[in-house]
Amino acid sequence: MIIKILGTGCSKCKQLEKAVIKAIENLGVDANIEKITSINDIMDYGVMMTPALVIDDKVVSSGKVLSIDEIQEYLV
Amino acid sequence: MKWKNEWKILLLMIGGFLIAFFMPMNSIRFQNAIMESLYMLKEYAQLHVILCLLPALFIAGAISVFISQAAVIKYLGAKAKKVTAYAVASVSGAILAVCSCTILPLFSGIYKRGAGLGPATAFLYSGPAINVLAIILTARVLGMEIGIARAVGAIVFSVVIGLIMAFIFRKEEQEKVNKQIVMPEAEVTRPLWQETIHFGIMVLILIFANWGKPSVDSGLWAAIYNSKWIITAILGILLGIVLNKIFKMKLWKILTTAVAVVLVYILFKGNPIFTFVTGIIGLSYFTSTSEGEMGDWFSSTWGFAKQILPLLFLGILIAGSFLGRPGHEGLIPSEWIVKLVGGNSIWANLFASISGAFMYFATLTEVPILQGLIGNGMGKGPALALLLAGPALSLPNMLVIRSVMGTKKTVVFVSIVIIMAAISGVFYGMIF
């Protein structure tokens, strides 16, 4: 599974990244995390508010920092 | 050792060493500047932190948690009516731009996928300028008129700038990408009136707790000033009721805070600051230990505090050492400032708006910098010009804007902003 975190590098994006790493550890799933930081690339996902979470090329959330529990639900 | 990776660190060390080595300890001007920066820090700590910044942080935190940003973005989509899009773009910065990380993605989103170039530039321009924290601090430190002029100027000019941009580039119809915009999901289901009451009370607390002593000792303003702590206390009680009834905060938590506040009031009679702080501590403790909305509110408030306060602290020290407090000189002689941005000439306004446009201001640091400049003889017009051009633009963000809409549009946008800011400065300087 490929997980992408879209964000220009602000503190919320880093929070989301930490939460995602934690969620993956908790579940023990096999996943690659990619960070997308260029605005134009972020736009290609149609996301207007960062941070956003993309799982297997599908935007699952944008504009907020998800909690670890919420991320785990998306990962299952 | 790999010099390729280490040379920057070495350069920094050499720079730091040279500064320390040649520090002009005996120069009176230098000694004054150091003292000035500390005086200015103290002034902020005493006057602006507890009654102004702390409540403002809670308000900003509440905006980012309780207001549905998705509901606003919907008006900036590709199908939105033009008039609505401009109107929403010009004022929505107050809600959407509380975090700098949302401005640029939103701008390019509106430009490429949404309502188009005009509304996008309107948003880009007004967003940073009508940030709630920035307006509150501007009004508090630099005076009410300039705080209001900043907000109103930003909103009005953003629409004008957006329209000019859309007109100049009307032929370059943006090819619409078919891909749909992913709208952030609306999470907030709370009726608007409940949130309005919550905000209203917090804003009123901010206003009344900061009510300044009027110059005359009678009349309505003086009456309000004399009873400002009673009014603030009543508002505090109302806030407690709202938190309990609407946000379902447990009654014992609110009563505990209330009892603590009353105790501190009795112990430190005559010093309302302690009482106010106790209220804030109570609110912080019980929101931070709550789950759900209340917990989110605190963590977002705390996030802003962590993000903004260190930068503001540094900004105050630097502004203090370079410019000094009003009426005192820092490293830069006052005559220079008077020569460059004193009075209200077109040249002074233009200089202020150009330097503001290229300079980078970390959130809120424009306020102490301007305070220093005004105190050293900067005119009111140029001050507004700098406020209107400054936070919206900086060299680094011009580069990002350029990567989104190209060199030509960026140059036009920057020039329009500079010219408009200078013109509004001239007018403001003539009136006040």
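Before going on, two words of housekeeping. This is a predicted model, in which local features need pLDDT of at least 70 and side-chain atom pairs count only at pLDDT 80 or more, while totals for chains, interfaces and linings use all residues. Residues are numbered from 1 along each chain as its sequence is written, chains are lettered from A and ligands numbered from 1 in the order in which they are written, and side-chain values use heavy atoms, with hydrogens and water left out.

Back to chain A, then. Along its principal axes, the C-alpha trace spans about 30 × 20 × 15 Å. Chain A holds three helices and four strands, and its pattern along the sequence reads β-α-β-α-β-β-α. Helices (H or I, at least four residues) and strands (E, at least two) are DSSP runs, numbered from the N terminus.

How much of chain A is buried? Of its 76 residues, 51% count as buried. By that word I mean under 20% relative accessible area, with exposed over 50% and partly exposed in between (1.4 Å probe, protein chains only). As for the surface, chain A exposes about 3600 Å², and 46% of that comes from carbon and sulfur atoms. Those areas come from the Shrake-Rupley method with a 1.4 Å probe, and for residues only the protein chains shown count as cover.

Chain A also carries 8 positive and 11 negative charges, whose mean positions are 8 Å apart. Here Lys and Arg count as positive and Asp and Glu as negative, with His and the chain ends not counted; the place of a charge is NZ of Lys, CZ of Arg, CG of Asp or CD of Glu.

Now please look at the loop between strand S3 (52-55) and strand S4 (58-62) of chain A, where Asp56(A) is found. Asp56(A) is not a glycine, yet its phi is positive, near 45 degrees. Asp57(A) lies in the loop between S3 and S4 as well, and its phi is also positive, about 65 degrees, although it is not a glycine. Are these residues covered up or open? Asp56(A), at 48% relative accessibility, counts as partly exposed, whereas Asp57(A), at 57%, counts as exposed.

Let's move to chain B, which has 20 helices and zero strands. Its radius of gyration is 24 Å, close to the 22 Å that the globule rule gives for 432 residues, so chain B is as compact as a globular protein of that length. The C-alpha trace spans about 65 × 65 × 65 Å along the principal axes. Buried residues make up 50% of chain B. Among contacts (heavy atoms within 4.5 Å) between residues at least 6 apart in the sequence of chain B, 78% join residues at least 24 apart.

What sits inside? The largest nonpolar core has 119 residues, and those with the most contacts inside it are Met165(B), Leu243(B), Trp297(B), Met378(B) and Phe413(B). Helix H2 (residues 28-66) of chain B gives the largest share of this core, 14 residues. A second, separate core of 14 residues includes Ile5(A), Ile24(A), Ile71(A) and Leu75(A). A nonpolar core, by the way, is a set of buried Ala, Val, Leu, Ile, Met, Phe, Trp, Tyr and Cys residues joined through side-chain atoms within 4.5 Å.

Which residues does Met165(B) touch? Beyond its neighbours within four places in sequence, its contacts include Leu117(B), Thr121(B), Met405(B) and Phe413(B). Thr121(B) itself is in helix H7 (residues 117-129) and is buried, with a relative accessible area of 0%. Leaving out residues up to four places away in sequence, Thr121(B) touches Phe107(B), Gly162(B), Met165(B), Met405(B) and Phe413(B).

One more stop is Ala115(B), in the loop between helix H6 (100-112) and H7 of chain B. At 4% relative accessibility, Ala115(B) counts as buried. Its C-alpha atom is 7.2 Å from that of Lys82(B), 33 residues apart along the chain.

Pro310(B) is partly exposed, with a relative accessible area of 45%.

Notes. Rg over C-alpha atoms; globule rule 2.2 N^0.38 Å.
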